[in-house]
Amino acid sequence: MSTIMYERLCANLERLKLTKIAMVLDNYLERANKEDTSIIEALDYLIETERSYKDETSLIMRVNVAGFPYRKTLEDFDFKFQPSIDIKTINELKTMRFIHNKENVILLGPPGVGKTHLAIGIAQEVLRNKFSTYYINCHKLVTQLNKAEYENKLEIKLKTLSKYKLLIIDEVGYLPFDKQGANLFFQLISKRYEKNSIILTSNKGFSDWGEIFGDNTVASAILDRLLHHSTVINIKGESYRLKERKKVFTMIGGDNK
Ligand SMILES: Nc1ncnc2c1ncn2[C@@H]1O[C@H](COP(=O)(O)OP(=O)(O)O)[C@@H](O)[C@H]1O
Ligand SMILES: [Mg+2]
């Protein structure tokens, strides 16, 4: 290969943003020469290397955008510890049908039973399937919506939050909503309704939602939209955090009170 041709090849790889091919090219050409590799084999190897590199980097970017509070997967989840969760339901969610059908997932249960872990675990599968995801804590969400409303930017904020294929709203009900907060939350749920999926977690049963939102009518309007196409996973079990603590206390021979 002439120097001019090699230089043009390198420049084109850069222009076409074929970064990985540019990185491996020199070594690969040497090896391909020695091994008498066919053109089709060489093209296949180089393009496949670029594709897998691009997939990897775009997954890393999507995970960063998602903003999880911690990174755990469904493989890290001990389903034996939480027998009230039907593994078939989790496997069904893994098929991504809920994303295609714009359905929601509601995870209910007391603190420490794995609601956030499962939400993140399902979301990691969603990201692996190349869909965008955004995680937000409910209190933070309402603060941001209030701020946007105050700054006359509510429409833009709602639009941004509606574009993600999956939005995780974590810890609904830990803090009560004021009238404006409930109203803004309702607007977000309405905007996403039948357009994109939500995973919502709450430590409160649906019967308490009137109290959380300070208004039965708003609460039932929100629930109506959320539950219309949804999977509800009600986790009835012990806190995993408590189990971990008990284990440590047993190890050090302490009193677990
Ligand atoms: N069944 C489980 N298997 C493995 N880790 C778990 C399980 N349940 C909870 N955890 C871990 O316990 C901690 C608390 O779980 P989390 O999902 O945050 O609870 P919450 O239901 O309050 O959202 C996290 O570190 C989580 O990874
Ligand atoms: Mg949680």
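Val24 is partly exposed, with 16 other C-beta atoms within 10 Å; by the criterion applied, a residue is buried if 20 or more other C-beta atoms, placed from the backbone, lie within 10 Å of its own, exposed if 12 or fewer, and partly exposed in between. The model is predicted, so that local features need pLDDT of at least 70 and side-chain atom pairs count only at pLDDT 80 or more, whereas totals for chains, interfaces and linings use all residues. Residues are numbered from 1 along each chain as its sequence is written, and chains are lettered from A and ligands numbered from 1 in the order in which they are written.

Val24 is found in helix α2 (residues 19-34), where helices (H or I, at least four residues) and strands (E, at least two) are DSSP runs numbered from the N terminus. Thr49 lies 25 residues from Val24 in sequence and 8.9 Å from Val24 in space, C-alpha to C-alpha. Leu29 is also found in α2 and counts as partly exposed, with 16 C-beta neighbours inside 10 Å. The C-alpha atoms of Leu29 and Phe185 are separated by 57 Å, at 156 residues apart along the chain.

Helices α2 and α3 pack at an angle of about 150°, with their axes 10 Å apart; axes are lines fitted to C-alpha atoms, for helices over the stretch in contact, and angles run from 0 to 180 degrees between N-to-C directions. The two helices, α2 and α3, are therefore roughly antiparallel to each other, given that angles over 145 degrees count as roughly antiparallel, under 35 as roughly parallel, 65 to 115 as roughly perpendicular and the rest as oblique. The crossing of α2 past α3 is right-handed, a crossing being right-handed if the near helix is turned clockwise from the far one by less than a right angle, and left-handed if anticlockwise. Lys20, Ile21, Val24, Tyr28 and Ala32 of α2 make the contact with Ala42, Leu46, Thr49, Glu50 and Tyr53 of α3, two residues being in contact if their C-beta atoms, placed from the backbone, lie within 7 Å. By class, this contact of α2 with α3 has seven nonpolar, one polar and two charged residues; Ala, Val, Leu, Ile, Met, Phe, Trp, Tyr, Cys and Pro count as nonpolar, Asp, Glu, Lys and Arg as charged, and the others, Gly among them, as polar.

Helix α3 (residues 39-66) also packs with α6, at an angle of about 140° and with the axes 10 Å apart. Helices α3 and α6 are therefore oblique to each other. The contact involves Leu59, Arg62, Val63 and Ala66 of α3 and Ala123, Leu127 and Arg128 of α6.

The largest nonpolar core has 43 residues, and those with the most contacts inside it are Ala123 and Ile199; such a core is a set of buried Ala, Val, Leu, Ile, Met, Phe, Trp, Tyr and Cys residues joined through C-beta atoms within 7 Å. Helix α6 gives the most to this core, with seven residues. Apart from neighbours within four places in sequence, Ile199 is in contact with Val105, Leu107, Ala119, Ile122, Ala123, Leu166 and Ile168.

Helices α9 (residues 179-192) and α11 (residues 216-228) pack at an angle of about 20°, with their axes 10 Å apart. That makes α9 roughly parallel to α11. The residues of the contact of α9 with α11 divide into eight nonpolar, two polar and one charged.
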